[in-house]
Amino acid sequence: MKNKNYPIIILLAIFCLISCDKHEIEFNAEPVGDMAEFQIHMYTPVDPAASRTDLFMYKIEVNGEMISNNITPLSTYNAQPSSAVGMYFTANQGQVNLKMYQSTKLNLAYDQTVKLERGKHNLVVYDLTKPPIIFDTEYPFEIDRGTYDTDTIAFVKFYNFLYEDPNTPTTLKIQYQYRKHWVHPLYTLYDEMNGTIPEGKKVGDKTGTVDGKDMGPWVNLGTPISFGETTGWQIVPVEKNTFVSQGSARLDYRILVVEGGILDDGTMLKGNMNADKILLAQTTSGTKPAIYSDYWNSTVGRRIHHFLAGTRKGKPGSGVRTFTCR
């Protein structure tokens, strides 16, 4: 009975080969080649008196060609294209005109021309009357082919687009810092190799580190930066508390003032830093500046942009907004 199926199988195979030959599959993607690739980020301070939807960009044109519309508007403190990680708009190298139309009435709000070279770029719109600042995405990305155990890595790129008020970019030079939210949560292969695993424990067992209590020291993420600058990609640890998983880990962040600091008098209203030189900045939900602190989860292998934007004093307040690069 088994032999009777062979002719059928052979006929099906021949049919598949003929079908593939007659109906060639074509992928209609265009190779990027020498074109410029770019993402558009908008970090202009939000007018607290205006409706947020009136500030959205409902139409974007590049060299007269529409690349985004009201289906996916560019919202405040956000970026396009935002539908998936790692997507970019493209244009021919050279002078590129960028027009953005605001609100559902499509009022022309931005009209600037920049020169773009071949490769991937991040265009940051920080003032509707000025050209965007162009940052190299630093592609191709560094690939770390090391072998790790539970302490693995991710990448963060920090940008300073903080305003003092809606019309005044900050003159402060600031240092972004992070610390592990726990240290050495699991016994690792490195511990086994060095004979430091206690009797009765094995690789992958919890060490007894307490989340939020046994934290690491503060570490500089890159070097201090001024307004309109970035640290570039910096490695951060992803110290997982689960042995067999890709996983993610929490990192705490703070910002130090390294130039232009004025010590606050205790009211949180007159200075821009506390006695430890930590930045004082009003949050988006606050009523006056407070000691800046935040946390973000980092996932193994991810690259995340961290944009400090908004106003340090008064509404609408400020904070770090993130955008996933990879």
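Modeller: Two strands are said to pair if DSSP finds at least two bridges between them. Helices (H or I, at least four residues) and strands (E, at least two) are themselves DSSP runs, numbered from the N terminus. The model is predicted, so local features need a pLDDT of at least 70 and side-chain atom pairs count only at pLDDT 80 or more, whereas totals for chains, interfaces and linings use all residues. Residues are numbered from 1 along each chain as its sequence is written, and side-chain values use heavy atoms, leaving out hydrogens and water.

Biologist: How do you know that strand S6 pairs with S7?

Modeller: Nine bridges join strand S6 (residues 94-102) to S7 in the antiparallel sense, and the definition asks for at least two, so the strands pair. Within this pairing, lysine 115 in S7 is the bridge partner of glutamine 95.

Biologist: What makes S8 a partner of strand S1, and of strand S9?

Modeller: Strand S1 (residues 36-42) is joined to S8 by seven bridges, the two running parallel; histidine 41 stands opposite valine 124 in S8. S8 also pairs with strand S9 (residues 133-136), here over four bridges and antiparallel, with leucine 123 opposite isoleucine 134 in S9. Both kinds of pairing occur because strands of a sheet pair through backbone hydrogen bonds, either parallel or antiparallel.

Biologist: Why is strand S8 called mostly covered?

Modeller: Six of the seven residues of strand S8 (residues 119-125) are buried, a term that means under 20% relative accessible area, with exposed being over 50% and partly exposed in between (1.4 Å probe, protein chains only).

Biologist: What makes the contact between glutamate 37 and lysine 120 a salt bridge?

Modeller: The term requires a side-chain nitrogen of Lys or Arg within 4 Å of a carboxyl oxygen of Asp or Glu. The closest N and O atoms of glutamate 37 and lysine 120 are 2.7 Å apart, so the pair qualifies. Glutamate 37 lies in strand S1 and lysine 120 in strand S8, 83 residues apart.

Biologist: Why are glutamate 37 and lysine 120 called buried?

Modeller: Glutamate 37 has 12% relative accessibility and lysine 120 has 15%; each value is under the limit for buried, so both take that name.

Biologist: What do arginine 118 and aspartate 34 tie together?

Modeller: Their side chains meet in a salt bridge of 2.9 Å, N to O. Arginine 118 lies in the loop between strand S7 (107-116) and S8, and aspartate 34 in the loop between helix H1 (6-22) and S1, so the pair ties together parts that are 84 residues apart in sequence. Arginine 118 counts as exposed at 52% relative accessibility, and aspartate 34 counts as exposed at 52% too.

Biologist: How many salt bridges does a search of the whole structure find?

Modeller: The search finds 11. One of the linked groups is a network of Arg179, Arg250 and Asp252.
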